[in-house]
Amino acid sequence: MGSPPMIDGAFARWLAARAGQALMSLRAEMGFADPGALRSAGDKVSHDLIRTELAKWRPADAVLSEEDEGSRLAWTAEVTAEAVPRLGADRVWIIDPLDGTREFAEEGRSDWAVHVALWSRTAPTPHGLTAGAVGLPAQHRVLGTDYPPAYPPMTVEAATSAGTRTIRLAASRSRPPVFLTDLAQDVGAHLVPMGSAGAKIAAVVTGEVDAYIHAGGQYEWDSAAPVAVATATGLHASRIDGSALKYNEADPRLPDLLVCRKDLASRLLAALQRHNG
């Protein structure tokens with residue numbers, strides 16, 4: 001793919017695409033007979049490639065990757081920036097080399113992703129994300145902040161008795177929040193099971209679904225790149241209590257989020273308060 005572009009958004013897209021190509025090649029080479037081995041190899045191949053390219057092309061920037069040793073540790077205020085460079089850095093790349101390892105190791109599944117996001121201390125937004133890309137290699141596309149998709153149209157579904165459209169909610173295949181079924185009934189929504197967080201938020205960005213709600217525990221790398229693209233597209237993204245999502249925090253856990261069309265945000269936040277208050 002040649003030398004990478006220097007503008008951060010285009011660089012994120014290039015990097016997600018490079019990692020995606022490597023993962024598709026690995027899938028073809030190893031096959032699906034040993035899913036555990038394929039998952040482990042996928043995490044390593046993508047992480048090593050992204051880390052190598054960042055060290056080469058963005059050597060002054062810090063990195064937080066899911067596959068880094070100690071990435072899940074919650075640091076205290078007493079920890080120095082020398083011990084944890086990202087906490088004192090002005091720019092931090094937040095990476096999930098392979099989001100949806102389960103789906104990656106299942107033949108025929110395309111709902112897995114590569115996440116590449118950039119957090120900046122001087123960003124004008126509360127979440128601090130200034131660039132990002134979500135690679136969907138098995139879908140042969142990359143969604144990025146350099147060319148954010150157009151605001152998605154409302155999904156076309158059968159009208160309810162009230163004359164409104166049915167909301168389509170992306171839901172985890174394996175770990176949906178326990179309250180989500182009740183919430184869906186409350187707002188007249190239809191649950192659409194999908195794999196990785198990146199694939200689910202990407203589906204909101206493209207209009208395949210109208211919202212994604214998660215409350216089962218995640219880390220910053222699970223949502224940073226998809227949230228960067230979603231907000232660049234003009235969608236709503238917040239915690240499920242409506243507060244701002246924040247990245248490059250001392251504790252990398254970011255357990256819940258709502259990504260949806262802006263015209264649905266107040267309705268879904270109110271329902272979340274009723275069912276998860």
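I will start with helix 5, residues 180-187, whose buried residues are Leu180, Leu183, Ala184 and Val187. These four cover an arc of only 100 degrees around the axis, so they sit on the same side of helix 5. The arc is taken from the directions from the helix axis to the C-beta atoms. Buried means under 20% relative accessible area, exposed means over 50%, and partly exposed is in between, with a 1.4 Å probe and protein chains only. Helices (H or I, at least four residues) and strands (E, at least two) are DSSP runs numbered from the N terminus.

Two remarks on the source. This is a predicted model, in which local features need pLDDT of at least 70 and side-chain atom pairs count only at pLDDT 80 or more, while totals for chains, interfaces and linings use all residues. Residues are numbered from 1 along each chain as its sequence is written, and side-chain values use heavy atoms, with hydrogens and water left out.

Back to helix 5. The cover over its buried residues includes strand 6 (167-172), strand 7 (189-194), strand 8 (211-214) and helix 8 (262-276); contact means heavy atoms within 4.5 Å. Just after helix 5, Gly188 has a positive phi of about 70 degrees.

Next, the cores. A nonpolar core is a set of buried Ala, Val, Leu, Ile, Met, Phe, Trp, Tyr and Cys residues joined through side-chain atoms within 4.5 Å. The largest has 37 residues, and Ile94, Leu129 and Tyr247 touch the most other members. Among the elements that give two or more residues to this core are strand 2 (91-99), strand 4 (129-136), helix 6 (197-206) and helix 7. Another core, of 26 residues, lies apart from it and includes Ala19, Leu49, Leu54 and Ile95. In soluble globular proteins, nonpolar side chains tend to be buried together.

Helix 7 spans residues 220-233 and contains Ser223. Ser223 is buried, at a relative accessible area of 1%. Beyond its neighbours within four places in sequence, Ser223 contacts Gln218, Tyr247, Leu254 and Leu257.

Now the rings. The whole structure has 4 aromatic pairs. Rings of Phe, Tyr and Trp (its six-membered ring) pair if their centres lie within 6.5 Å; planes under 30 degrees apart are stacked, over 60 edge-to-face, and the rest tilted. Phe11 and Trp93 are edge-to-face, at 5.5 Å centre to centre and 70 degrees between the planes. Phe11 is in helix 1 (residues 8-30) and Trp93 in strand 2, 82 residues apart. Both Phe11 and Trp93 are buried. Together with Trp14, they form one aromatic cluster. Arg58 lies over the face of Phe11, 4.1 Å from the ring centre. The rule here is NZ of Lys or CZ of Arg within 6 Å of the ring centre and within 35 degrees of the ring normal.

Last, salt bridges, of which there are 15. Each is a side-chain nitrogen of Lys or Arg within 4 Å of a carboxyl oxygen of Asp or Glu. Arg18 pairs with Glu53, with the closest N and O atoms 3.2 Å apart. Arg18 is in helix 1 and Glu53 in helix 2 (residues 35-57), so this pair ties together parts 35 residues apart in sequence. Glu53 counts as buried at 11% relative accessibility, whereas Arg18 is partly exposed at 23%. Lys44 and Asp48 also form a salt bridge, at 2.8 Å, N to O. Both lie in helix 2, 4 residues apart, about one turn of the helix.
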